[in-house]
Amino acid sequence: MNTVTSAATPQRTRSTTPPLATVVKALALLDSLADATEPVRVSSLARAMGTSRAEIHRQLVTLEAAGWMEQLPDGAYRLTLRPAHLGHAALRQAGIGERTAPLLERAARQAGEVVSIAVLDTDTARVVQRADPGRSLHATLLLGDRLSLTSSASGRLLAALCPQDVVGPLRERGVALPDDDAVGLINGTRWATSTDDDEDGIAALAVPLCRHGDEVVAALSVHGPRERITTADALAVLRPPLARSSSCSGSTPTVRSVCTAEHTAFPAPHPVFAALLSPSQSFSAFLGPSRLPAHPRLPSPSGAPGPPAACQRIPRRTGPYRGMPVHTRSGPRMNAPLSTAGPGGSPGPADSPVSAVPAAGPDSAATAAPTGPVGRTPDRLLRPERLALLPPTRLSASRALVNRMIAQRWRVELLEFAVDAEARGRARYRVRTPGGPLDFVAFSFRPRLEGRTSRIVGTDWDMTGALFDGTADERDLAHTERELPKLYEGRATAHTLVWCRSNRSLRLFEHVVSSLAEGRQPDARRLWDVGYLMRNTGLDGNGTFGTRSFAALPDNHPLAAPLHAQMLAAYLMREFAADLVDHLARHRNPAAPALAPGLRRRLGLGNASALGLVFFANNHPRLVDRWLALRERALAQALHARRGAPHLAAVRALIERTARFHEQDPTVYDRFEAPDALVRSLHRALTSLDALPRPDDADALPRLWALWNAELDERAVEALAGVLIDSVPDLTDPLVERQRVDETLIGEPRQTTGALLEHLDDAYRWALDVDLTAPGALRHIWYKSRAAEEPRRGPREEVAEGLDWQLNVPRSVQALHRDLKAADPCETTGAFCVRHPEHRDTVVRVQGLADCALHSPHMNIADDAFVPATLVRFLNSAVHGLDKTADSAGRNVLGLLFHGAPTRHTVHTHDRDGCDDGDGSSDSSNSSDWTLPVRPAFPDAPASGPATITAAEATAHEAPAVETSPAEVCPAAHTEEDE
């Protein structure tokens, strides 16, 4: 087992006696078990240690006999609590006394960030004491975490300031250490910062803790979001340096701000350092011979209190925060980080260790340079009404997919279109990607109204389809044609990714076919008002009906990102609908023209979603958290891109396009506000941009953002946030690669009820403050329909026999909170759940999400006042990427997918050709941006220059691709009143 080594260890002569190889191997085995996150089997240990199972088994039997581990009934092994007792003794002997606790807590409160103490522990720095800042959003740094010696602030400082008798053996063993330049700089300044190697958004600064003169025994550090620790000016202008102490003996170490390739220039003064470097506080007072405070946690075998049990996920990672939680989508508790790429293709972090939204005060002055997005706290952002305002961006699934298709030159080939004049037959497409082909088959049917519904449980559809991972042969096609109509009773092939279904628009489909058959283009006004030829009625994948689990897709799969498989199927349904109207028109008139490319591109795929998405949000908290956290990071990146006037010009162009798009929106809205007010607000934003003083300064955009927050309403602010995110595609698009996340929630049964109660009081204050005794607070239940098992919501008095299967976070958390207050604070949550099995799911959810801040919308879904459509719109608009999202009856949300997207004919050339229809309406600032299409002109429409095009101009030729033949779920439609 690792032992704690500090710089205070006396120098000694290295022994020439060779170590006992068997003992070294047994201790290495203990190290491997300590890094595991769950009981481990012999075979897994043998692979990890690179030795035989027989040898591992002998070592395990020996360690079990000595009381260091135990074998479970299923044959797996885990550590006993004896190593915890040894670790506690090591901390006590290292001299890290209990007097550090109140001082760390005071410093953390003043700094508003996590403060920790770390010591050398063989080849890493280990956190032996820490304090939280008292705020729910902070860096996730846990007791016992191991930090890299080359990139963490504490590790770099200890590696640089430790004596040679400690560092020398590390170097001989090949342990990575800071280079000589870094060591020289740290020795000169007596402080160190974390490097930017992981680009994980966390900054840390460490100073030495000394005893007996210049004897460094530990590192004291502060950790927090880089946006909160640095300011916009800090990276550009060095502030006057703080005084540098000549010694740490009995005095306070101080910091000098130095700008080098490896150091972040921290501004001075800063409240973080004011808390750490108070002249009245000597760091030597931190140290003492006493043991660590007796936290009410699990006792060790000897009865002495052990270290606090952390509410954490235990997987380790490399980089400056090796001990931070990491979540992969490949399976629960994986040790390897995600394969991601940051801007410019450089490797990015697997997961940000900070569970925070970069924020500045909501009242920031317009002239200030905010360190992050203004006022974007979870309490504000996670209100369903605020989430409903988030617009589609380049991070939205449908838009991200099309952007990937454009960037990687995906080609969509039509292999077969064998459909008769009654629309009966099939069509086959092949999508050629850099990662291999993907086949799609569409089965077309003669429309009939019997059994036809836009709900997901219909029995007859105008088309059904399937997306395959790889190519599909005739057996696959025959199997799919037979099984897909059975729906819930059918089973897909092993390499089927998605099953899908759609119906024609009764308002537009026949009009387009008839118009083309008569030799003319359809009515542009009617086309723009409806917006689609077919409406999606169901996209099923990720194991549904036997489809392939997306977790089985490798990280480099072309559809690896969440929801991209469903979105590709939706895109191909949209393309099939346009091909079908051309094909049916030619059946009626062989000389019929094709639908004009400009009009075809403006047609999307209709979609309607309802109550199922509320359950999706509740059932996928990690996905919601990851997506929102990446969106907030994208906004922070855009704000601090520091690209001067050209960036402001690009932002201005996007605001103009956004305003025009909403101004031309013909959609009729019910509960959701019509876009008129938004358009006025966007024009105000343009006025503010044009009047901005010093627009060439590096802080121009942050100043403008603060001004917008002060002057505009929430809807306009979120629309402008979307504009900023889309204004830097080179920074935003790589974040899509990081959307995959392991959604497994794993509890920590060793955590005490006292610690869990504290966490609830902090992180779930919003849920505890919900008044469940108020009239109507618990009126509604959520149940499944008897006929189709669709989600329903209704008053309890009207569904007397309904089984309430809602996940109501406030109700569950309040019930858990009541029983935790009555429990012994030293009792483990495992024992608590044995006594209260009704709380097990809530405990696991709370513990499994302890490192997340944006996982659960702040809503009481049983309340009379809750409007389901707000949350449905958030997922449809912001996550899926639908445009023109309108509500119906407060529970359904209708909209368009791929509105303005390049067609299959031109997607592989779109970034070269842009959106130009020959009318000058393309966005020259970013020719690959296909979103926010302009309205085609129609006779009585007001002229607006290049913003509109005529139907005749829209017929500009689009060269088709060569065709080889002549011939979890995105919940979908529930109602469409006119269809």
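Start with Ala-108: does Ala-108 count as buried or exposed, and at what relative accessibility? Ala-108 has 0% relative accessibility, so Ala-108 counts as buried (buried means under 20% relative accessible area, exposed over 50%, partly exposed in between, with a 1.4 Å probe and protein chains only).

Before moving on, a word on what you are looking at. This is a predicted model, where local features need pLDDT of at least 70 and side-chain atom pairs count only at pLDDT 80 or more, while totals for chains, interfaces and linings use all residues. Residues are numbered from 1 along each chain as its sequence is written, and side-chain values use heavy atoms, with hydrogens and water left out.

**Stop 1: around Ala-108**

Show helix H5, residues 100-111, which holds Ala-108 (helices, H or I, are DSSP runs of at least four residues and strands, E, of at least two, numbered from the N terminus). Draw a C-alpha to C-alpha line from Ala-108 to Ala-131 and you get 6.1 Å, for residues 23 apart in sequence.

**Stop 2: aromatic pairs**

The whole structure has 7 aromatic pairs (rings of Phe, Tyr and Trp, the last by its six-membered ring, with centres within 6.5 Å; planes under 30 degrees apart are stacked, over 60 edge-to-face, the rest tilted). Select Phe-417 and Phe-576: their ring centres are 5.8 Å apart and the planes meet at 25 degrees, so this pair is stacked. Phe-417 sits in strand E9 (411-419) and Phe-576 in helix H17 (564-588), so the pair ties together parts 159 residues apart in sequence. Both Phe-417 and Phe-576 are buried.

Phe-898 lies in the loop between strand E19 (892-897) and helix H32 (910-913), so the pair with Tyr-571 of H17 ties together parts 327 residues apart in sequence. Tyr-571 and Phe-898 are both buried too.

Next, select Tyr-488, Trp-499 and Phe-545, which ring pairs link into a cluster.

**Stop 3: charges over rings**

Go to Phe-672: Arg-873 lies over its face, 4.0 Å from the ring centre (the cut-offs are NZ of Lys or CZ of Arg within 6 Å of the ring centre and within 35 degrees of the ring normal). Then try Trp-528, where Lys-884 lies over the face at 3.8 Å from the ring centre.
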